[in-house]
Amino acid sequence: MSQAGEPKPKKSRDSHGIGIAGTSIIVFILGVIVGIPIANMGADVLVRYAGEVFAVLFGVFLIILLIAGAIAFFRKQIWGAIFHRAEIEMDRFARPLADVAKFAAEQDVQQATGAARDLAELVLARYAWVSTRRWLLGTITGLIAAIAALAGSALLFQQNQLLRAQNALLTEQTSRLGEQNKLIESQIELGEAQRSTAIVPEILEIGALVGAEVERLRASGTALPTIDNLSQSLRARILAATTAARPYRYLRTPLLDLDEQTIMSSGLLRRTDLPASAVLRERLQADLGQAQFTGEQLGVMSDRPLSPERGQLITILVSSGFTDLSELGGADFSFAEVRAPQLNNLVFGFSNLRFSDFDNSLLIGCTFDGTYLEHARFRNAQISGSRFSTLTFPTLPGSELAAMVRGAELSGTDFSGARLNTVAFDGSRGFGTNFDGAVLHKVDFKGTDLSGSTFRNAIFGVADFTGASLKSVDFDGALVFAPDFLDVLAKQAVPDSFDPTRFSLEPITAEQFALHPRWADAWLDGLEEKPAFRIVRVKDFS
């Protein structure tokens, strides 16, 4: 039993080896036909030339079928030529096997050897036929599986390609939806702006009434009319108008944000052959966000809500001769957009001017003592002889409460690019106030809390920081004209609020000083003739 069962594992191993050989040949053919082009030209080639690839594979499949058919049809001739045997049926094994046993018993060596030879030929022919048939079947089966797998891979590649295209379309669609949402938001805001501007006729009516009141007061001998001289009904109407005029975003041109110097020098842009015009063009591109200055920029939404109507009320009152607007107790001028070219001797004591906008304005002798100016904007403004200091709040008659002293609230107020000459901030509070790129001369910061404020790239003339809190204040890039500026600042500031070792002073040449955007505005009583130094921050804030 054990001897009869021994050949079977060997036959199984041989068949397995033949199957592996057939599969290896199929994999080799598939690698040559498909793998090399994919490796060299990418997977898209398989999808693009899928018809040609499958035609080649189908041709190989037909060739193998033809070879298998030829072998099966000419099997007798092939086996006869190789093994001298054409018939290898199982019943033919009995005769040579019996002859071997018979001649072996008779001790006829020659006859036994011939019978054994016949038996060996039959066994080898039978084994060759079975192995060839299995190899052909394995090869055909492997090729069919390879074609099926390749078809699935091609479909998968094509599906991935379509998914990538779909993702690109979805991304574009999402972007378009985002743009559409922005347009819808802009449309809603513009609709709100249209409703808010319905108060303009009321403001014009108030202007006419104020003008009539001023004529009446002057006719009665009042040379300098005040808010208190106006009728109670008109004052109430003004207060109601400041409350009814709500802030909103609206379309505006970026050209309104250009300062006077830039507007004046922009005429040189037509001289493309001058090096200065290229520098100016870069500045305008940074300011406007556009490639070139054409004089006609499309309108863009304002970056935050504003109220031009409240600004118009201020302009009407100022143009009518009323300078002390602190008498309008309860008036709401927050978000007011003031576009008066010049404001002289204007008083806003204890007024609400949060988020207001005085960009590019000329303020001379104005008083903002005790005013709420959080996040107000004075960008590129020219401010001279003005105050942002403390004010004593008047107590009610008969009240036992002590008088309240309040400084101007300047947290987040933006003075970037402004020119401040003879301006007092003493006693005010300004967390995170922005003085970047400003020119400051004869500026009083005594007792001011400037924690977190920035003076980056500012130009300092004479400034007094006595008793000022300078926690985390950044002077990086600021230009000064005193070699001991940092030491003096450390002595003047609140103890332990300013670390002079965080900064260093580097001397600069006159040519480097002239490159500052506010160089033309920095002629500060002869200070420009002194050696200039740039403050450089060398340590991070802890």
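A polar contact is a pair of N or O atoms within 3.5 Å; within protein, one of them must be able to donate a hydrogen and the other to accept it. With that in hand, let's look at this predicted model, starting with an arginine.

**Arg 377 and its surroundings**

Arg 377 sits in the loop between β4 (362–364) and β5 (382–387). Its relative accessible area is 13%, so Arg 377 is buried. The Arg 377 side chain makes a polar contact with the side chain of Asp 303, at 2.8 Å. Leaving aside residues up to four places away in sequence, Arg 377 touches Asp 303, Arg 304, Ser 356, Asp 357, Phe 358, Asp 359 and Asp 414.

Most residues other than glycine have a negative phi.

**A pair of helices**

Now to helices α8 (residues 200–219) and α9 (residues 232–244): their axes come within 11 Å and cross at roughly 150 degrees. Angles over 145 degrees count as roughly antiparallel, so α8 is roughly antiparallel to α9. The crossing of the two helices is left-handed. On the α8 side, the contact is made by Glu 202, Glu 205, Ile 206, Leu 209, Val 210 and Glu 213, and α9 contributes Leu 234, Arg 237, Ile 238 and Ala 241. Sorted by class, this contact has six nonpolar and four charged residues, with no polar ones.

Terms used:
Residues numbered from 1 in each chain as written. Predicted model: local features only at pLDDT ≥ 70, side-chain atom pairs only at ≥ 80, totals over all residues. Heavy atoms only, no water. Helix = DSSP H or I, 4+ residues; strand = E, 2+ residues; numbered from the N terminus. Buried < 20%, exposed > 50% of the residue type's maximum accessible area, 1.4 Å probe, protein only. Contact = heavy atoms within 4.5 Å. Axes fitted to C-alpha atoms, helices over the stretch in contact; angles between N-to-C directions. Parallel < 35°, antiparallel > 145°, perpendicular 65-115°, else oblique. Left-handed = near helix turned anticlockwise from the far one by under 90°. Nonpolar A, V, L, I, M, F, W, Y, C, P; charged D, E, K, R; others polar.
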